[in-house]
There are 2 protein chains.
Amino acid sequence: MQAKTVTVKLDKHCYDIIIGPNLIAQTALQIKRSLHQKDFHQTRLAVVTDTNVASLHLDTLQTELTRNKIHAVPIVVEAGEQSKSFSTLQTVIDKILAARLERGDSVIAFGGGVIGDLGGFAASIIRRGMNFIQIPTTLLAQIDSSVGGKTGINSRYGKNLIGTFYQPRCVIADTCILDTLPLRQFRAGYAEIVKYGLINQPDFFEWLEKNGQKIFSNGPIRTEAIVRSCQFKAHIVARDEYETGERALLNLGHTFGHMLETATAYDSNRLIHGEAVAIGMTLAHQFSAQLNLINPTLTHRIETHLKAVGLPTQLQDIPGKLPDAETLMTLISQDKKVSKNNLTFILTRGLGQSFIAKNVSPEAVLTFLEQKLAKIR
Amino acid sequence: MQAKTVTVKLDKHCYDIIIGPNLIAQTALQIKRSLHQKDFHQTRLAVVTDTNVASLHLDTLQTELTRNKIHAVPIVVEAGEQSKSFSTLQTVIDKILAARLERGDSVIAFGGGVIGDLGGFAASIIRRGMNFIQIPTTLLAQIDSSVGGKTGINSRYGKNLIGTFYQPRCVIADTCILDTLPLRQFRAGYAEIVKYGLINQPDFFEWLEKNGQKIFSNGPIRTEAIVRSCQFKAHIVARDEYETGERALLNLGHTFGHMLETATAYDSNRLIHGEAVAIGMTLAHQFSAQLNLINPTLTHRIETHLKAVGLPTQLQDIPGKLPDAETLMTLISQDKKVSKNNLTFILTRGLGQSFIAKNVSPEAVLTFLEQKLAKIR
């Protein structure tokens, strides 16, 4: 099967996302194209990856690079969210500088969202900006975090509070590599695909209702879902690169989702990001129904689809105890996207009719959360 | 005396540098203008400064801000280059996040080059970019480092290796504040003013030969020199924001200068940046003369002017021992601006006729340095 290309067109940059099977074996070719390099004898790069991806795929990538005489320095960090820290960032930067990579050299982020955020942040601030290439290895990273140029690490005060907007020179999304993902992680990525339908593409959501299950096995449907997701996200990013307006729609399900991730202390045994988004999207629809914006049947329809692929949709799907509604409210008001103490939510007026609701009443949210929690106590 | 304004026009941003006496007392007004804010009751900002500036001027600034009901959180770091470190950066970021400043809030860098680089870097990466305002308090910062948007910290592998390009919303250059500078620091700033003449403005150099001494006391000549310097730098930066071309001319005297700063381990008792640039510019002219690009009389003329204001011009002006020529060469080849192992220098073909010389022979530089060192052994 032929690889597909989604072009991200920004004000100053333009780059391609290449999507298809067995692309790792073409990495050198894609780098060559995106950096406009004629030969590789001077190409030097760092491959930032994590222990999981390294054990499964680093040899394959290194072989491909070495075969093409590309000098690559591997930098392997611990797998997991805790690597999005100041200390890991400093380690990665030190190793890239120790390898004497220069401004025109490249950093490849080879991994999921954590690696993309960490590697991209390092690339953006070393020598005030090195070339950056993404090879996302999770479904979530391929359809979401690798598109849009957000990089960053976490702070003790919250997630992604430190970072930059920095665009890659290209993104290489190998759909075969997704077959090595744990099913739970694959599902979590799928939640963000559903989100794109729910934001403003009702036909895409309907397509997912019919074809969603097929995405879980490799083939043209998986590629098509990734292509359509990247096209959608690239379109929004192109119109709002620095998130001053409609890009906020991408936060559908994320305000409630981040609340739940914080409430569960980012413990991946309890909840991972895409699962939090699945529950968050359901809550956003239920909250919209409570505000009489939509009919509750729509909420059921969405919940049914998310459940069909095995995603959690309710607070009681989260193992362990949750804090009370008041505590959950304080977590919401610490969110990065909160502006001047007014609560902003992405709500909806129908299937694929999401909108940015500013000045949402904190009391309404509190009451809604109390009701939800009451059901599980 | 009326304040003057230099507008920096970049692709996406446009901002003003306000230059004149007693501007600290107008800080609130200038912030209001640059942020297009109607009132201040929601203006929140952090003031990043160092122990020296804090003891001399922080009260004045805080009084002005408080009088205008601007909520300001002071963040005071140790004075000196060692604050351009990962650990100080993390401290500054933590304090800004702890104060719960948001994306639309501001960071003021109130100090010299170190504070501008550190505060600007923090502003650029917190929440992927907060508003940034510069109040430079040294001559060097007013005429050089506050213009152009370079931010950064040092690494064990070299100076300014970690940072971003990030433009301020405005720069407030109070010419009175310079009267509290130690003379040695003032002189060091003056060296960079001379540099602007030597790059490509022979008439400005001639004006400095006549008027340079007057810049050392406050008055219209000082303001004029700062205005002309900012105009010149803003012009170059506007044409080459990301330093891919002619902006490199600003490195006149800096390749030799950085070499000397590294050789003296950035020990400010021995050498400060502007002094290194004064010696570096003299060396760049002497090296140009050795390559038969200029007549040695031009070198003497420049040395005479630098000496007239008390700046060092020769290797023997640096107290203590210097390493041998071979060691100095390795320091040059570690410079950030070295591309693919070819040496790039800014050389000159006459007064104010500097140019970017690529592929300078390392042997010629080595021989030149050996000759210079021979004179002091």
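User: What area is buried between chain B and chain A?

Analyst: In this predicted model, about 3,800 Å² is buried between chain B and chain A. Carbon and sulfur atoms give 50% of that area. The contact takes 41 residues from chain B and 41 residues from chain A.

User: Why is the pair A:D94 and B:R156 called a salt bridge?

Analyst: The cut-off is 4 Å between a side-chain nitrogen of Lys or Arg and a carboxyl oxygen of Asp or Glu. The closest N and O atoms of A:D94 and B:R156 are 2.9 Å apart. That is within 4 Å, so the pair qualifies. The count between the two chains is two salt bridges. Polar contact, with both residues at pLDDT 80 or more, joins eight residue pairs between chain B and chain A.

User: Which elements give two or more residues to the side of chain B that touches chain A?

Analyst: They are α3 (86–98), α4 (113–125) and β8 (158–162) of chain B. α3(B) gives the most, with seven residues. By type, this side of chain B divides into 14 nonpolar, twelve polar and 15 charged residues.

User: How do you know how the two copies are related?

Analyst: Chain B superposes on chain A by a rotation of 180°, with 0.0 Å of shift along the axis and an RMSD of 0.0 Å. The copies are therefore related as by a two-fold rotation axis.

User: What makes the surface the same for both copies?

Analyst: Of the contact residues of chain B, 100% recur in chain A. The same surface thus serves both copies.

Notes. Residues are numbered from 1 along each chain as its sequence is written. Chains are lettered from A and ligands numbered from 1 in the order in which they are written. This is a predicted model: local features need pLDDT of at least 70, side-chain atom pairs count only at pLDDT 80 or more; totals for chains, interfaces and linings use all residues. Side-chain values use heavy atoms; hydrogens and water are left out. Contact means heavy atoms within 4.5 Å. Buried area is the accessible area (1.4 Å probe) that two parts lose on being put together, summed over both. A polar contact is a pair of N or O atoms within 3.5 Å; within protein, one must be able to donate a hydrogen and the other to accept it, and residues adjacent in sequence count only if both atoms are side-chain atoms. Helices (H or I, at least four residues) and strands (E, at least two) are DSSP runs, numbered from the N terminus. Ala, Val, Leu, Ile, Met, Phe, Trp, Tyr, Cys and Pro count as nonpolar, Asp, Glu, Lys and Arg as charged, and the others, Gly among them, as polar. Copies are superposed by least squares on the C-alpha atoms of residues with pLDDT of at least 70 in both.
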